[in-house]
Amino acid sequence: MTSRKPRVVLGVSAGIAAYKVCELLRRLTESGHDVTVVPTEDALRFVGEPTWAALSGNPVSTAVWDGVAQVPHVRLGQGADLVFVAPATADLLARAAHGLADDLLTNTLLTARCPVVFAPAMHTEMWEHPATRANVATLRERGAIVVEPASGRLTGKDTGPGRLPDPAELFEVARRVLARGSAGHDLAGRHVVVSAGGTREPLDPVRFLGNRSSGLQGYALARTAVARGARVTLVAANVALPDPAGARVVPAGSAEDMRKAVLEAAGDADAVVMAAAVADFRPVDYRDSKIKKTEGGEPEPIRLAKNPDILAELGERRRAGQVIVGFAAETDDVLANGRAKLARKRSDLLVVNQVGADLTFGRPDNAAVILGADGSSTEVERGAKEALADVVWDLVAARLDPLPAD
Ligand code: CTP
């Protein structure tokens, strides 16, 4: 049986980040997508037509006047499985939000009935301007996914939000949005907070008490939530992974840092998922200078104090309608311990996985039972951490109150 290649229209508007999109295009074509690149006229000042044509293997046009007999201004949008615009400039977002149709790309955006993703890139001032904010809000309301730009070095000496996310991460967004297809962006209009990684509790300037969490499951939750249309805040403790495209990443070191960051982000969140391994204890005495070994003597014992339980605090403080999800790593009596923990921490859902030396930590796959406060139990067979993440979001989405109609 042959199935046709997924058709992607890759819109490119006139930002210097266009050069990074060559890498996104290469990833799309190499993974079996049929990609038609539709640049704006000015985008070609940054990367020329031959580059897009050679990398895509398809003809490239910017105007509605080429090949009129094939009615390209309608055909491309109608036939696409995904329209992905990267970089999306402030001007392109404005034209799209206002329904202008003055070139092939904006015509394609009007005729597309498939998922549409915009990956904006511009200077921070332009991104934060009320006109751009309003245009982004309009596009999101109409069902488009507008990926939050990354923060960091911009063209010139500026730094701030406005960078195009890493092309490999943009590819992940495209792949996931395509895979979801008609399942759609059920988290559109929602703010979700995900914690990931493992906290480190400092002993002295060079040592800490830590744990083996890699952050892979939390990052998978963030990536899948972006692809389902959510605004995502990812509170990351000591994770050595690339930032997921579209998520706002807030770094946290210790449990106390994480508590502050999570509680602050949770203020307006529709859901909070605590996938991080938070240390239960921290050393009581932090030494400003490195602890030296005492010549010939015995080492000093380390006294520990209890850390705040962030998940329990979220359960106590939750605002109406907020869905709280915890994770539990158990080695024995997995289900009984999970049920007790779910009740103790007043969560709506608890993802329980069995851990051992060779299970879960740092592995790309995971298996779990997801317990619900309503008595439900959902078994997720061993598979990619993203697959588990999608089941978590399915269960969260089913528990969210409907969005207010405007
Ligand atoms: N958690 C938290 N704050 C802590 C400890 C844990 O928010 N100080 C969260 C974790 O992010 C996870 C859940 O609580 O979502 C379960 O963590 P776990 O350490 O397994 O739970 P404990 O209540 O500490 O139970 P025990 O150590 O007895 O297994």
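Predicted model: local features only at pLDDT ≥ 70, side-chain atom pairs only at ≥ 80, totals over all residues.
## Basis of the model

Local features need pLDDT of at least 70 and side-chain atom pairs count only at pLDDT 80 or more, whereas totals for chains, interfaces and linings use all residues. Residues are numbered from 1 along each chain as its sequence is written, and side-chain values use heavy atoms, with hydrogens and water left out.

## Ligand surroundings

The shell around the ligand holds 14 residues, of which Met274, Ala276, Leu311, Phe327 and Lys341 come nearest; a residue counts as near if one of its heavy atoms lies within 4 Å of the molecule. By class, this shell has 8 nonpolar, 1 polar and 5 charged residues, where Asp, Glu, Lys and Arg count as charged, Ala, Val, Leu, Ile, Met, Phe, Trp, Tyr, Cys and Pro as nonpolar, and the others, Gly among them, as polar. At least two shell residues come from each of α11 (310–317), β16 (323–330) and α12 (334–344), the helices (H or I, at least four residues) and strands (E, at least two) being DSSP runs numbered from the N terminus.

Oxygen atoms of the ligand lie 2.7 Å from a polar backbone atom of Met274, 2.8 Å from a backbone N or O atom of Leu311, and 3.1 Å from a side-chain N or O atom of Asp280; a polar contact is a pair of N or O atoms within 3.5 Å.

## The parallel sheet

Five strands form an open sheet in the order β2-β1-β3-β4-β5, with parallel pairing, two strands being paired if DSSP finds at least two bridges between them. Because β2 (34–39) and β5 (145–146) stand at the edges with a single partner strand each, one side of each is left without a neighbour in the sheet. Strand β1 (residues 7–12) is joined to β2 by 6 bridges, and Val12 has Pro39 as its bridge partner in β2.

Methods
Polar contact = N/O pair within 3.5 Å; in protein donor to acceptor, adjacent residues only side chain to side chain.
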